[in-house]
Amino acid sequence: MSDGIMSKAATMEIPINSNGNTGALAEDDGLEQATRRQWRLDEKDLQQVMASGPNLNETSIVSGGYGGTAEGIIPTGSIKGPSMQQSGSSSSVAAAAAEEATRGVAVEKLETVKKWGLNTYKCTKQMISERFGRGSRTVDLELEAQIELLRDTKRKYGSVLRLARALTNHFYNMVQTQHALGDAFADLSQKSPELRDEFGYNAETQKLLCRNGETLLGAINFFVSSINTLVNKTMEDTLMTIKMYENARLEFDAYRSDLEELSLGPRDAAATARIDAAQQQYQVQKDKYERLRSDVTIKLRFLEENKVKVMHKQLLLFHNAISAYFAGNQQQLEQTLERFNVKLNPPGADKPSWLEEP
């Protein structure tokens, strides 16, 4: 059996070439030894390359592939872990700061809505109590009478303004009709020799009336413009201040009633804190109410003085213009129109205004 094994091992050691011949055995042994020596040299060169080669952090990536130029080389040594961590932490801090700012804005808006809702509730409660006669309200009788008089005056002046505008439209149409009629008379005077003088007289009359009508129309337009400024700007501005004053009065009474209710309740620590807060709010609303009441008083006095001066001038000019037109006094009508740019001194104008008093 050992002879069989030895023969098998000997058989396994016999190299066989591609043709099954054994003649090239010595040549193959030399080739195998040369190959092993080449492998040992390659391993030694590889170890030297690994020992003396570049560091991993100093390697570069060539974008152009093999044989690429130095352009487009990205040094990997510039990409480091700590800088990436620092960038990530900066982003986290920025995100946290933005979130905190957003939260702060949301809290501020919530507080504003809360205060507005509480104020609206108090004012609505006060309004309902006053309407049903269960709540008390602060009343300034003299100021309330002046406010009511102003509203009535504004309604009446508004009616005058509408009528003056209607007169302007009608008179404008009449002047246009007179102008067309004068042209028609002048044309007929040229085409009707037997009635030339009669048509000519009527044409001249209509042209004169048309010219005087245009002058009167300018006076009426100026009157309308002045009344419109007085009603829709000066009076409206005062009424806006009055509206703010009435809202302040309602808020003042609402917080006053709230303070009175808290004062009638128990006096523990929590109730005392609520009373102190209500007292502060009451004082704020009281100051606002008194300031607006003073503003309304001043504006009403100024408005009354301005109204008298403006209306005295406008009514005088309107009367003179209308009278001169229908009297056929062209010279007086033109003089009246020239006075629109001249400041008239009504009676008592020599006395300085109360605003100009020292």
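**A buried tyrosine and its surroundings**

Author: Tyrosine 255 has a relative accessibility of 9% and therefore counts as buried, a word used here for under 20% relative accessible area, with exposed meaning over 50% and partly exposed what lies in between (1.4 Å probe, protein chains only). Everything said here rests on a predicted model, in which local features need pLDDT of at least 70 and side-chain atom pairs count only at pLDDT 80 or more, while totals for chains, interfaces and linings use all residues. Residues are numbered from 1 along each chain as its sequence is written, and side-chain values use heavy atoms, with hydrogens and water left out.

Tyrosine 255 belongs to helix 5; helices (H or I, at least four residues) and strands (E, at least two) are DSSP runs, numbered from the N terminus. If neighbours within four places in sequence are set aside, tyrosine 255 touches Asn119, Lys122, Gln281, Tyr282 and Gln285, contact meaning heavy atoms within 4.5 Å. Valine 284 is 29 residues away from tyrosine 255 in sequence, and their C-alpha atoms are 9.7 Å apart in space.

Glutamate 251 is also in helix 5, and its relative accessible area of 15% is why it is classed as buried. With neighbours within four places again left aside, glutamate 251 has contacts to Asn119, Cys123, Gln285 and Lys288. In general, an α-helix has 3.6 residues a turn, so residues three or four places apart point the same way.

Helix 5 itself runs over residues 196-263, 68 residues in all, and spans 97 Å from its first C-alpha to its last, close to the 100 Å expected at 1.5 Å a residue; the expected span is 1.5 Å times one less than the number of residues. A kink of about 35° is centred on glutamate 236 in this helix, the bend at a residue being the angle between axes fitted to the seven residues ending there and the seven starting there.

The UniProt record, an unreviewed entry, annotates residues 275-306 as a "coiled-coil region"; UniProt positions are given in the numbering used here, feature names are shortened, and annotations may be inferred rather than shown by experiment. In the model this span is 100% helix and 0% strand, and its end C-alpha atoms lie 46 Å apart.

Ring pairs join Tyr245, Phe252, Tyr282 and Tyr289 into a cluster, where rings of Phe, Tyr and Trp (its six-membered ring) pair if their centres lie within 6.5 Å, planes under 30 degrees apart counting as stacked, over 60 as edge-to-face and the rest as tilted. The whole structure holds seven aromatic pairs. Phenylalanine 171 and tyrosine 325 have ring centres 5.3 Å apart and planes at 80°, so this pair is edge-to-face. The pair connects distant parts of the chain, with phenylalanine 171 in helix 4 (residues 141-191) and tyrosine 325 in helix 6 (residues 269-327), 154 residues apart, and both residues are buried. Tyrosine 325 also makes an edge-to-face pair with phenylalanine 326, at 4.9 Å centre to centre and 85° between the planes, although phenylalanine 326 is exposed, with a relative accessible area of 60%.

For the protein as a whole, the secondary structure amounts to seven helices and two strands, in the order α-α-β-β-α-α-α-α-α along the sequence. Of its 358 residues, 23% are buried, and among contacts with a separation of 6 or more, 74% are between residues 24 or more positions apart.
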